[in-house]
Amino acid sequence: MHDADDAESAEIRAHLIGEVVRLTPALMAANLVSGTVVGALVVPFAWQAYLVWMGVLCTVVGLGWRAWWLSRRRQPRTASRRAIARSTRHAAALGALWSVPAVLWFPVAAPGVQTMLATLVAGMLSAGAFALSPLPRASTAYVGLLASGSMLGLMFAYGPASVPFVLLCAAYGGICLLGALTGSRKTNALLRSERDAERQRQIVTVLLRDFEEQASEALWETDAEGRLCHASARLGELMGAPAAGLQGLTLAEMIERRCPGGGALVQARLATGLPFRDLALQFLAEDRTLWWQLSGKPSDAGGWRGVVIDVSAKVLAEQRLRQLAHFDSLTGLANRVTLHEALRHHLAEGTRGALLSIDLDHFKTVNDTLGHSADDALLVAAAERLRRCVRPGDVVARLGGDEFAVLLCAAPGPEAVLPVAERMVAEFTQPCAVGERKIPVGLSIGIALLPEHGRDVDDVLGNADLALYESKEGGRGRATLYAPHLGERSRRRAAIEQGLREAVARGEFMLHWQPRVDLDGWRMTGAEALLRWQHPVLGRVGPAEFITVAEQTGTIAEIGAWVLREACRVAATTLPGLTVSVNVSALQLRQGDFVAGVRDALDLSGLPAARLEIELTESIFIDDANDAMAVLRRQQQLGVRIALDDFGTGYSSLAYLRRFPFDTLKIDRAFVRELTSRQDTQAIVAAMTQLATSLGMRVVAEGVERVDELDLVARLGCHEVQGYLVSVPRTETEFGRLRGGWDAGARPHAPALH
Ligand code: C2E
Ligand code: CA
Ligand code: CA
């Protein structure tokens with residue numbers, strides 16, 4: 001026990017030795033007194049031997065005292081293994097010494113003297129065992145030697161007749177030893193748990209200190225007259241004044257100084273005499289808007305006590321998230337969500353207007369020949385041109401890629417809309433300047449009039465798309481008004497819709513796999529299954545296009561079930577040790593038998609539930625959050641992991657993270673792309689990562705394409721990455737090859753700067 005060389009064992013050894021040493025004066029005194037009593041009994045027949053014995057006993061006792069004396073002033077914090085051996089030797093010496101009266105003098109003493117010697121030796125045996133119990137080796141040596149001596153003495157005295165007493169003596173010795181060892185085990189456990197508690201206390205202290213250092217809150221207290229008392233330095237800091245200067249002000253005066261107009265609000269709350277929570281205060285300080293929350297309640301002393309919290313960082317982060325949720329981060333235009341909301345609102349009001357569906361012509365060629373940064377610059381320039389063509393109150397949105405849409409909110413009919421569309425087309429006849437280059441771009445537009453060209457959002461968007469398709473077919477660079485003869489739906493969409501019905505049965509689907517890599521050790525931990533479809537006529541169609549159609553037409557259920565089964569099968573057969581992620585659409589989740597479907601896929605493949613992770617987006621919470629939660633809970637009970645996908649787009653809210661115990665948070669590429677250029681995005685990602693980590697989630701950064709992005713997400717605390725930098729999604733065979741040649745030491749690093 002505690003033979004290890006580590007610091008903790010050394011400390012525990014010192015503690016145990018200390019326990020025994022503390023009893024030393026009493027124990028040594030008992031030895032001397034008992035030794036003297038032995039003298040009174042045995043001197044008449046063995047005085048010479050007694051003198052020698054007593055001499056040795058006094059020496060051993062003296063050594064014991066010396067040890068106590070030396071350690072009395074400075075309790076050593078650590079003790080070596082040698083110190084334990086020394087204590088054991090000392091105990092053994094005492095045990096051996098006390099067996100001398102039993103072996104030498106007990107057999108030859110008169111019966112009355114024998115009784116007294118037996119009592120004395122028995123007393124020394126139990127007292128010694130008890131006192132030495134913290135040191136199991138010492139107590140074993142002491143009890144072992146003394147009990148053996150006693151047994152020998154009994155045998156010498158009574159020959160074969162002594163056997164029952166010898167056995168009894170052995171039993172007593174055994175019990176003493178057992179008691180001592182049990183005591184020592186308990187002491188040990190206690191010491192270990194005391195140490196754990198101390199460690200925890202230290203961690204809590206560190207966390208608290210950290211909290212206080214970063215704390216954005218300060219306590220305040222007023223006396224019965226309503227004047228501030230005990231103003232802390234922290235309060236002073238928040239108020240932008242030395243703490244001493246606050247003393248004597250009323251709470252309202254203090255707030256008014258920092259937040260003009262806030263004093264009256266506070267005064268009104270205090271006047272009610274009732275506790276209040278989170279009174280919001282907003283004000284400008286040094287060109288920044290700050291947000292505070294003030295809470296307070298009457299104190300026992302007749303004054304008030306409360307807390308003021310600076311929630312500015314949180315408010316800003318939430319505003320930024322909301323901004324990202326509703327606006328396209330590249331162009332600053334509204335995004336799809338905002339457009340849908342505005343359109344829905346407009347349709348509900350029944351006022352006239354128009355929806356323009358817009359595509360940049362030949363954008364793909366620009367993208368392919370000039371690369372990403374040119375393509376981003378072009379999109380920004382295009383957004384600016386579109387904005388110039390509309391009036392305040394109209395909504396210009398980027399829906400993704402080179403797809404834009406404009407909602408003209410006040411357009412009485414085609415005669416008002418067509419000129420706007422033509423102006424847009426005309427704007428784009430001029431090439432766009434991107435850096436040094438001038439890039440020619442064109443515009444195709446499809447127009448749906450409101451309310452006659454559609455009753456709901458999907459109808460209107462679909463019809464505007466049909467008109468757009470017509471524009472493109474007709475040679476691009478033009479605007480087309482929707483007309484019912486276009487209404488059989490575009491050929492492509494119809495082909496997709498039709499094709500999806502048969503695709504599973506015809507085996508046109510396959511899964512590609514994209515690795516997920518742990519930043520700590522650069523190990524491959526998982527793979528995301530991404531669906532690929534080879535249409536017999538259209539060729540390869542991307543999931544971003546066909547998943548929406550599958551959702552709208554209901555084929556997603558069948559397709560989703562196939563994906564789950566196939567992903568589980570591949571995971572169980574060719575991806576040993578990896579967690580597989582499967583994307584699940586919100587609609588799929590809402591189907592009654594979803595959980596059963598997952599269970600079947602697991603059973604069929606034999607894949608352990610813990611190796612399956614389903615990826616969901618926040619859209620699951622939109623219609624019926626409680627229902628979705630219930631399905632997720634059942635899912636988690638199966639042992640399947642659940643990831644929140646695309647976090648930072650769409651409907652992002654940190655609240656979802658707290659509401660459901662996701663296992664993984666996937667930070668969307670939209671954030672990752674902005675990280676290297678925007679400080680505020682870094683702050684948001686760091687905050688999200690911290691929150692998710694504290695809630696026990698793994699944080700995965702998606703779409704990492706560059707080394708600098710990799711380094712940043714690692715620094716901000718993400719645990720894993722996924723993206724083209726590691727690998728594009730690959731077929732099963734190619735994935736196997738990647739994994740076979742995987743080198744955990746080959747994490748890409750930015751070239752050193754010279
Ligand atoms: P997602 O779940 O966000 O999947 C990641 C997408 O980002 C994939 O596109 C992937 O190829 C792409 N990607 C990965 N790394 C990078 C990178 O470094 N840079 C860039 N720019 N992109 C990267 P993919 O395969 O086209 O899938 C698009 C979306 O389609 C997926 O987005 C997912 O929402 C959906 N999807 C794919 N397969 C399925 C499926 O089996 N079921 C359902 N319901 N949805 C699926
Ligand atoms: Ca995903
Ligand atoms: Ca994603």
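**Figure 1. Glu615 at a calcium site of the predicted model.** Glu615 is buried, with a relative accessibility of 1%. The model is predicted. Glu615 coordinates the calcium ion (ligand 2) through OE. Three other residues also coordinate the calcium ion (ligand 2): Glu528 (OE), Asn583 (OD1) and Asp645 (OD). The distances run from 2.1 to 2.3 Å. Along the chain, the donors are spaced as E-x54-N-x31-E-x29-D. Glu528 sits in strand β13 (residues 523–535) and Glu615 in strand β16 (residues 612–616), so the pair ties together parts 87 residues apart in sequence. Glu528 is also buried, at 5% relative accessibility.

**Figure 2. Two calcium ions bridged by Asp645.** The calcium ion (ligand 3) lies 3.7 Å from the calcium ion (ligand 2), and Asp645 bridges them. Asp646 belongs to strand β17 (residues 641–647), while Glu702 is in the loop between β19 (698–701) and α26 (707–715). The pair links distant parts of the chain, 56 residues apart. Asp646 is partly exposed, with a relative accessible area of 25%. Glu702 counts as buried at 10%.

Figure 3. Phe165, Leu168, Tyr172 and Ile175 make a nonpolar surface patch of about 440 Å². Ile175 is placed in helix α6 (residues 163–214). Its relative accessible area is 58%, so Ile175 is exposed.

Figure 4. The protein chain is divided into four parts: domain 1 (7–197), domain 2 (223–316), domain 3 (327–486) and domain 4 (493–740). The centres of domain 2 and domain 3, taken over C-alpha atoms, are separated by 50 Å. His346 lies in helix α12 (residues 336–349). At 6% relative accessibility, His346 is buried. A polar atom of the His346 side chain lies 3.2 Å from the backbone oxygen of Thr351.

**Figure 5. Salt bridge between Arg22 and Glu19.** The closest N and O atoms of Arg22 and Glu19 are 2.8 Å apart. Both residues are in helix α1 (residues 7–22). They are 3 residues apart, which means a separation of about one helical turn. Arg22 is exposed, at 56% relative accessibility. Glu19 is partly exposed, with a relative accessible area of 25%.

**Figure 6. Salt bridge between Glu545 and Arg492.** The closest N and O atoms of Glu545 and Arg492 are 2.6 Å apart. Glu545 is in helix α18 (residues 543–553) and Arg492 in helix α17 (residues 491–503), so the pair ties together parts 53 residues apart in sequence. Glu545 is partly exposed at 33% relative accessibility. Arg492 is partly exposed too, with 29%.

Figure 7. The side chains of Glu508 and Arg506 meet at 2.9 Å, N to O. Glu508 is buried, with 13% relative accessibility. Arg506 is partly exposed, with a relative accessible area of 46%. Elsewhere, salt bridges with shared partners join Arg516, Asp518, Arg523, Glu613, Arg641, Arg698 and Glu720 into one network. The whole structure holds 29 salt bridges.

Definitions and conventions:
Residues numbered from 1 in each chain as written. Chains lettered and ligands numbered in written order. Predicted model: local features only at pLDDT ≥ 70, side-chain atom pairs only at ≥ 80, totals over all residues. Heavy atoms only, no water. Donors = N, O, S within 2.8 Å, 3.2 Å for Na, K, Ca; no water. Helix = DSSP H or I, 4+ residues; strand = E, 2+ residues; numbered from the N terminus. Buried < 20%, exposed > 50% of the residue type's maximum accessible area, 1.4 Å probe, protein only. Patch = residues over 30% accessible without salt bridge, like charges linked within 9 Å, V, L, I, M, F, W, Y side chains within 5 Å. Areas by Shrake-Rupley, 256 points an atom, 1.4 Å probe, with all protein chains shown as cover. Salt bridge = Lys/Arg side-chain N within 4 Å of Asp/Glu carboxyl O. Domains from an automatic or database assignment. Polar contact = N/O pair within 3.5 Å; in protein donor to acceptor, adjacent residues only side chain to side chain.
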